[in-house]
Amino acid sequence: MIVLGIETSCDECSAAVVRDGREILSNVIATQIELHKPYQGVVPELASRLHTEWIAQVVEAAIAQAGLGKGDIDAVAVTSRPGLLGSLLVGVSFAKCFATALHIPFIGIDHIRAHLYASQIENPLEYPYLGVLVSGGHTVICRVESYDKVDVLGTTIDDAIGEAFDKVAKFYDLGFPGGVVIDRLSKSGDPNAFLFPGPTLDRTEHPYDMSYSGLKTAVINQKDKFRNGDAPDTPENIAASFQRQAVGILMRRVRKALKDTGLMRVSAGGGVAANSLLRSELKDLEKGGYTVTFPSLKLCTDNGAMVAGLGYMYLKDGFHDDSSLSASARVSAFKKA
């Protein structure tokens with residue numbers, strides 16, 4: 001089955017053609033980063049307008065790069081939730097029209113589940129496993145039972161990890177996107193120059209929950225309070241110290257979840273899964289006998305391939321949507337373990 005995947009949940013306009021859920025025939029990603037840079041963040045109205053202008057040509061490019069024609073597409077999968085509503089509506093509307101014109105099925109895909117599926121395209125991992133979703137909008141630790149069954153163990157109670165990266169970078173005018181810039185600067189910084197604090201959460205019912213608001217506030221408003229002796233106050237040191245604690249908050253919960261659940265497999269997804277320190281910390285788990293996978297860098301960011309891949313899994317099991325499907329900015333219901 002050849003599935004066209006469309007992703008427009010935020011500022012990446014992407015379309016991909018995937019065969020049987022894993023063979024990527026094309027994966028076109030039109031990024032809007034340069035157009036949002038002056039604002040040091042994604043402007044929702046600008047994002048949706050650009051999707052409207054780009055979506056047709058991006059889809060055409062994806063089909064052409066796959067060496068196919070429109071008539072060769074068997075089904076369409078499109079991100080329908082969660083995300084920026086205006087951006088989502090562009091993709092959903094286009095997918096509906098495309099599928100209707102060709103008389104082929106289409107299905108709306110949950111963005112979070114798509115990121116959790118991304119690593120399965122390149123490195124299939126036996127279920128169940130511990131899923132770690134880290135992005136600008138989400139920070140989730142979950143037990144992944146199947147492509148569709150996800151039990152949330154813990155999540156952030158305030159800011160997502162990627163959001164914290166972006167806000168720290170914006171405050172210090174380091175550049176956009178914040179996660180990429182901080183990762184790069186941290187390579188030449190001292191991670192112990194500032195001893196930024198982690199959260200103290202008394203959440204016995206949900207011990208895997210995380211918080212990034214306090215860390216963000218400490219880095220932005222109380223930096224000098226946490227300076228380690230006479231360590232130089234440089235962008236590189238701020239970046240390295242902040243990143244060390246941000247990743248540490250997550251990894252402490254990941255290690256606890258692995259120990260408590262007895263799971264021996266773990267997979268990460270989302271834009272922050274491209275972070276070099278996080279990837280290194282996750283790979284270190286292999287020393288304890290764990291199997292660790294994460295997507296290639298191109299599949300960490302928002303992309304149509306993960307949407308098409310997950311769409312295939314639903315479609316082959318007989319699931320699809322009709323013209324009543326609409327986009328939703330809200331996260332779909334997940335079971336809280």
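In strand β2, A15 is the bridge partner of I6. Strands and helices here are DSSP runs, numbered from the N terminus (strands: E, at least two residues; helices: H or I, at least four). Strand β1 (residues 2–7) pairs with strand β2 (residues 12–19) over 6 bridges, in the antiparallel sense. Two strands count as paired if DSSP finds at least two bridges between them. The model is predicted: local features need pLDDT of at least 70, side-chain atom pairs count only at pLDDT 80 or more, and totals for chains, interfaces and linings use all residues. Residues are numbered from 1 along each chain as its sequence is written, and side-chain values use heavy atoms, with hydrogens and water left out.

β1 and β2 belong to an open sheet of 5 strands, in the order β3-β2-β1-β4-β5, with mixed pairing. The edge strands are β3 (23–31) and β5, each pairing on one side only. Neighbouring strands are turned by 20 degrees against each other on average, direction ignored. Axes are lines fitted to C-alpha atoms, for helices over the stretch in contact, and angles run from 0 to 180 degrees between N-to-C directions.

Strand β4 (residues 75–81) runs parallel to β5, and 5 bridges join them. V76 stands opposite F106 in β5. With helix α3 (residues 85–102), the strands β4 and β5 make a right-handed β-α-β unit. Right-handed means that, with the strands pointing away from the viewer, the path from the first strand over the helix to the second runs clockwise.

How many residues of strand β5 are buried? The count is 5 of the 5 (residues 106–110), so β5 is largely enclosed by the rest of the structure. Buried means under 20% relative accessible area (1.4 Å probe, protein chains only), exposed over 50%, and partly exposed in between. In a regular strand, side chains alternate between the two faces of the sheet. From β5, F106, G108 and D110 point one way, while I107 and I109 point the other way.

Helix α2 (residues 44–65) lies across β1, β2 and β3, at about 25 degrees to β2. Helix α11 (residues 304–316) lies across β1, β2, β3, β4 and β5, at about 130 degrees to β1.

A search of the whole structure finds 0 disulfides. A disulfide is a pair of cysteine sulfur atoms within 2.5 Å. The sulfur of C142 is 15 Å from the closest cysteine sulfur, in C300, too far for a bond. C142 counts as buried because its relative accessibility is 1%. C300 also counts as buried, at 0%.

Terms used:
Contact = heavy atoms within 4.5 Å.
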